[in-house]
Amino acid sequence: MTRASSIASAESESSSNSGNTTLALAGVVAVGAVTATHAAGDATVRVLGSAILGSLLALVGYKKKSLDASGALAAIGVGFGSIYADARFGAALASFFFTSSAVTRVRADVKKKVEEDYKVGGGRNAVQVFANGFVPTMIALAFEFGGGAFGSSSALASAYLAYYACCGGDTWASELGVLSKSKPRLITNWAREVTPGTNGGVTALGWASSASGGAVVGAAFHVGQTALRAFASDGVAHEPSNALVVIGFSALAGVFGSLVDSVLGATIQFSGYCEERKRVVSKPGPTVTRISGLEVLSNSMVNLVSGIITAVVAYALAPL
């Protein structure tokens, strides 16, 4: 590496670290603001607060390049629905969004050489936002307005948390696992090493990251409930939250979701190595050698299906 490129890399890393610090602080502030919106115990404050916070979340994401213009517009609706429904839901969403955006920035110089369409911060569009956010938003609205028609509140809360724990675990695994010094192994064939960036390729670092990503979402969920219980002025006796149970549950959901995502990625999501671009790609072509998978689902669809499966399992088996 030349001196000039070394300096440029160092400056890029410094900028990334600064951006991650901003995102982390924004996440903490967002969790606090969500809780305050609900703790006020006023319907108008709750509506306006949810709308403002949802919009601010989208604006911060757009400014930090975590969202493109279409993704920011979609995030406003996703943010409002979750934040309005429940303080825990809004806190979990904020945690997922900000931490996932932060890990996307880690070692950007390496990821640019490995990932097909890498964008600093993620640059998620509306399709990607809805893949991660539409289903849990519907769960949140069912929780708030369903009146028990869609199951118990505890089962819906489990489904919501599991969905975002799955998304968080998968994002952390993808963004940090690709940095592993050991080559990934295809989840459907453990004896086979594959090129970093291959769908369904897993590493020990990836699994640890899955658990961590899920746990962080669960921690925010727990903080939202605990803070609401401590500061709410709405006269409601809010149930206590068991940190060990909630964080352990979400860490497990993160790993389970990543497992489902990896199996789907290895079987019905195409991965091939492009000799021209020198990286793994998701579409067949004249210069592409197939590694694994069939061209059935896109990455966004795999994320959606993985989240739904994880949420359904949590809803049926593990009500909080």
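Predicted model: local features only at pLDDT ≥ 70, side-chain atom pairs only at ≥ 80, totals over all residues.
## Burial and surface

Residues are numbered from 1 along each chain as its sequence is written, and side-chain values use heavy atoms, with hydrogens and water left out.

## The parts list

The chain has 10 helices and six strands. These are DSSP runs, numbered from the N terminus, with helices (H or I) of at least four residues and strands (E) of at least two.

How much of the contact in the chain, at a separation of 6 or more, comes from residues 24 or more positions apart? They account for 72% of those contacts, with contact meaning heavy atoms within 4.5 Å.

## Helices H3 and H4

Two packed helices are described by the angle between their axes and the distance between the axes. For helix H3 (residues 69–85) and helix H4 (residues 87–105), the angle is about 140° and the axes are 5 Å apart. The axes are lines fitted to C-alpha atoms, for helices over the stretch in contact, and angles run from 0 to 180 degrees between N-to-C directions. H3 and H4 are therefore oblique to each other; angles under 35 degrees count as roughly parallel, over 145 as roughly antiparallel, 65 to 115 as roughly perpendicular and the rest as oblique.

Who meets whom? On the H3 side there are Val78, Gly79, Ser82, Ile83 and Ala85, and they meet Phe89, Gly90 and Leu93 in H4. By class, the contact of H3 with H4 has five nonpolar, three polar and no charged residues. In this scheme Ala, Val, Leu, Ile, Met, Phe, Trp, Tyr, Cys and Pro count as nonpolar, Asp, Glu, Lys and Arg as charged, and the others, Gly among them, as polar.

Is Ala72 buried or exposed? With 10% relative accessibility, Ala72 counts as buried. Leaving aside neighbours within four places in sequence, Ala72 is in contact with Ala58, Tyr62 and Leu67. Ala72 and Ala126 are 54 residues apart in sequence, yet 7.4 Å apart in space, C-alpha to C-alpha.

Next up is Ser209, in helix H8 (residues 204–231). Ser209 counts as buried, at 5% relative accessibility, and touches Gly169, Trp172, Ala173 and Leu176, not counting residues up to four places away in sequence. Phe134, in helix H6 (residues 126–145), is partly exposed, with a relative accessible area of 43%. Along the chain, Phe134 and Leu304 are 170 residues apart, and their C-alpha atoms are separated by 9.1 Å.

Strands of a sheet pair through backbone hydrogen bonds, either parallel or antiparallel.

Strand E1 (residues 185–186) and strand E2 (residues 189–193) are joined by two bridges, and a hairpin links E1 to E2 through two residues. E1 and E3 also pair over two bridges. Leu186 stands opposite Asn189 in E2 and opposite Gly201 in E3.

## The sheet around E4

Another open sheet has three strands in the order E5-E4-E6, again with antiparallel pairing. Strand E5 (279–281) and strand E6 (288–292) stand at the edges, each with a single partner strand, so one side of each is left without a neighbour in the sheet. On average, neighbouring strands of this sheet are turned by 35° against each other, direction ignored.

Strand E4 (residues 271–274) pairs with E6 over four bridges: Ser271 has Ser292 as its bridge partner, and Cys274 stands opposite Val288. Three bridges join E4 to E5, where Tyr273 partners with Val280. E4 and E5 form a hairpin with four residues between them, and Lys278 in the turn has a positive phi of about 60°.

How values were computed: Pairing = 2+ DSSP bridges. Buried < 20%, exposed > 50% of the residue type's maximum accessible area, 1.4 Å probe, protein only.
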